[in-house]
Amino acid sequence: MTTNTVHTTTPTDTTHATDPATTTTTAPVGSAAAVAEAGRARLDFAKSAPKAFRALIGFDAAARDGLDPALVELIQIRSSHLNHCAYCLHMHTNDARKAGESEDRLHMVAVWREARHFFTPKEQAALALTEALTTVADAGVPDDVYAEAAAWFDDQELAQVIALICAINTWNRVALSTAKVAGTDERRR
């Protein structure tokens, strides 16, 4: 059986992870997520800011309304890759599989520019816009990227795609700042 070494501390423990007093245990890989979740000492965003959480759920739902569900998942997966959000990446790749997305396409999202033949021109335009908006601080949203997206989406769809990209970036930041653990989908609770 494959195992991971997991360093655990209790929420009241103030020792640094490299302190010899920190407990080291060996746990099966399948339970590593449970151990990590049990040891986290970050706030529960939904409970601590319920109005903001409900508003974000509403914004997310409004953004995706009327968009192709496969496109929605591709956008969320790419943004989660770029933001290094394992929690959201795990959630949205699973959602995409349940919606019938192929393993081939899921494996190619991160390298879509080198595997364009897996994606329609419309999906490519959305992925390019997702990258530009997710990394907006680096170079803004280049005119050519925006123009390509505008060529494939009407104004309402384009506005919804932009809103969806903003929503997943917000979800990524909530998950990262509150140390959500990949493999634990809190929507199911």
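**Cysteines.** I looked up the sulfur of Cys85 and found the closest cysteine sulfur 3.5 Å away, in Cys88, too far for a bond. A disulfide is taken here as a pair of cysteine sulfur atoms within 2.5 Å. The structure holds zero disulfides. As a reminder to myself, a disulfide is a covalent bond between the sulfur atoms of two cysteines. I also checked the cover: Cys85 is buried, at 1% relative accessible area, and Cys88 is buried at 4%. Buried means under 20% relative accessible area, exposed means over 50%, and partly exposed is in between (1.4 Å probe, protein chains only).

**Source.** I noted that this is a predicted model, in which local features need pLDDT of at least 70 and side-chain atom pairs count only at pLDDT 80 or more, while totals for chains, interfaces and linings use all residues. Residues are numbered from 1 along each chain as its sequence is written, and side-chain values use heavy atoms, with hydrogens and water left out.

**Whole chain.** I read off 10 helices and two strands. Helices (H or I, at least four residues) and strands (E, at least two) are DSSP runs, numbered from the N terminus. Along the sequence, the pattern is β-β-α-α-α-α-α-α-α-α-α-α. The chain has 189 residues, and 36% of them are buried. The accessible surface comes to about 10600 Å², with 58% belonging to carbon and sulfur atoms. Accessible areas come from the Shrake-Rupley method with a 1.4 Å probe; for residues, only the protein chains shown count as cover.

**Cores.** Which residues touch the most other members of the largest nonpolar core? I found Ile75, Leu129 and Val161, in a core of 25 residues. Helix 4 (69–82), helix 7 (121–134), helix 9 and helix 10 (155–177) each supply at least two residues of this core. Another core lies apart from it, with nine residues, among them Leu56, Cys85, Tyr87 and Trp171. A nonpolar core is a set of buried Ala, Val, Leu, Ile, Met, Phe, Trp, Tyr and Cys residues joined through side-chain atoms within 4.5 Å.

I then followed Leu129, leaving aside its neighbours within four places in sequence. Leu129 is in contact (heavy atoms within 4.5 Å) with Val141, Val145, Ala149, Leu158, Val161, Ile162 and Ile165.

**Val141.** Where is Val141? I placed Val141 in the loop between helix 8 (136–139) and helix 9 (143–152). Val141 is partly exposed, at 31% relative accessibility. With Val136 and Tyr146, Val141 forms a nonpolar patch on the surface, with about 230 Å² of accessible area together. Patches are made of residues with over 30% relative accessible area and no salt bridge, like charges being joined within 9 Å and nonpolar side chains (Val, Leu, Ile, Met, Phe, Trp, Tyr) within 5 Å.

**Salt bridges.** A salt bridge is a side-chain nitrogen of Lys or Arg within 4 Å of a carboxyl oxygen of Asp or Glu. I counted seven by this rule.

- Arg64 and Asp60 meet in one, at 2.9 Å, N to O. Both lie in helix 3 (residues 50–64), four residues apart, about one turn of the helix. Arg64 is partly exposed at 27%, whereas Asp60 is buried at 9%.
- Arg97 pairs with Glu103 at 2.5 Å between the closest N and O atoms. Arg97 is partly exposed at 36%, and Glu103 is partly exposed at 35%.
- Arg105 pairs with Glu123 at 2.9 Å between the closest N and O atoms. The pair links distant parts of the chain, with Arg105 in helix 6 (residues 103–108) and Glu123 in helix 7, 18 residues apart. Both are buried.
- Arg78, Arg113 and Glu131 are linked in a network of salt bridges.
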